[in-house]
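Hello,

Here is the structure we talked about. Please look through it first, then read the notes below.

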Number of protein chains: 2
Amino acid sequence: MPRQPAGRREPLSRERVLYAAIDVADRDGLDAVTMRRVGQALGVEAMSLYNHVPGKQELLDGMVDMLVEEIEIPPAATEWKEAIRTRARSGRTLVRRHPWAPALMTTRPAVRVPMATYLDRVLTVLLDAGFSPQLAHTALHVLDSRVLGFTRDLFDPGTQEPMDPAIVASLTSTHPGMTRILEEATHDDDAEFAFALDLILDGLERARDADGATSARR
Amino acid sequence: MPRQPAGRREPLSRERVLYAAIDVADRDGLDAVTMRRVGQALGVEAMSLYNHVPGKQELLDGMVDMLVEEIEIPPAATEWKEAIRTRARSGRTLVRRHPWAPALMTTRPAVRVPMATYLDRVLTVLLDAGFSPQLAHTALHVLDSRVLGFTRDLFDPGTQEPMDPAIVASLTSTHPGMTRILEEATHDDDAEFAFALDLILDGLERARDADGATSARR
DNA sequence: ACCTGAACACCGTTCAAGT
DNA sequence: ACCTGAACACCGTTCAAGT
């Protein structure tokens, strides 16, 4: 059986399909990510993708998995503010490289393991810095909106109950920070909203007054 | 010419089409908003919609126009924090009523007049409260991310230049707050990012320390 | 002036067929 | 085991035709 010309047709794989899809999105936007177009980028028919990915939805989920794993993890000893700053900077370069990413990430129906791992790491940083589970939960939401570019609900938006118990159970040993928040924090949307808003308003007021004090009066 | 049975076929209009589309999205999500499905909701063929809306993209733009106009405008005399709070609450009920709204609003390619009007009102509140144009611009971004649920770039993300000059010119008399920001503020993405992050980190630190002081030690 | 039916170039996905 | 071609039920949109 003759070898095919070197590198002309390396076998497809889940990874190669996902990378190709990300590439198409980078080049022509999220709407350009169609099974046919991704297949074409790989020199293959659309139907071949189904051997490596169950369908379009799972392809999109897989893209998110890849993206989340790009976010940097500072070593555990790092001071909390610095750790958050590193993550934020990293999330930011990610969004710059893939401008379509926030739209996709905020739109997927479920939190998958890589995202859970990411959230767990942020929560652990906060818990270790002395934040209560409740405040850590709120902090996560305040932080990840603007700064990390996306937000995920840990509690079911309808019932306010924690996510699927089966998923929570599967996370206990691997995701201690997240588990603790799910067990010890309650989700009060109104309280969290008021808190975030006041935090921002107070910060802005402080900035305005400092601004007036340092610059020449206009 | 005989009258048709009362109310059985009131004529289509841009407004009726947009309301029907919003209704479909509320019921079955944004993906369910197809020309055929919206037509069906109105008891009409998909092609009839083209008499009232140039195409799918403009239908989506029109939906955003309608949504933005739902956001409440407190009277001009209101104290600035209270004014922002009113807007934020109003944006929040909007998002609760139409959970698909943020995804759509952050995804449209251009800022249209109703959105510009909304942004102008927020900016005017801030300017009147003594914020510099630069700080008002930053404040808008910090605020509208989590709190109002969506973010719009006023400056071209590529060039950092203000939006289309023709559009800016058309806004001078009607949108004074926005015009002033476009003329007097510069857009430094990195500086704004650092500012927002520090504002949040400092606010969180303050909250953590207050938390520890008021609650029993754990 | 407004609505429609047929048609076109696209989707995601199934399935039987190829190697 | 992996890839494919034809097919199906959908898209958005054009256009000629109806009233």
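The surface near DNA strand D is made up of seven nonpolar, five polar and five charged residues. Near means that a heavy atom of the residue lies within 4 Å of the strand; Ala, Val, Leu, Ile, Met, Phe, Trp, Tyr, Cys and Pro count as nonpolar, Asp, Glu, Lys and Arg as charged, and the others, Gly among them, as polar. This is a predicted model, in which local features need pLDDT of at least 70 and side-chain atom pairs pLDDT 80 or more, while totals for chains, interfaces and linings use all residues. Residues are numbered from 1 along each chain as its sequence is written, chains are lettered from A and ligands numbered from 1 in the order written, and side-chain values use heavy atoms, without hydrogens and water.

For Lys56(B), a polar backbone atom lies 2.8 Å from a phosphate oxygen.

The whole structure holds two aromatic pairs over all chains (ring centres within 6.5 Å, with the six-membered ring used for Trp; planes under 30 degrees apart are stacked, over 60 edge-to-face, the rest tilted). Trp80(A) and Phe131(A) form an edge-to-face pair, 5.0 Å centre to centre with 75 degrees between the planes. Both Trp80(A) and Phe131(A) are buried (under 20% relative accessible area; exposed is over 50%, partly exposed in between; 1.4 Å probe, protein chains only).

Regards

How values were computed:
Polar contact = N/O pair within 3.5 Å; in protein donor to acceptor, adjacent residues only side chain to side chain.
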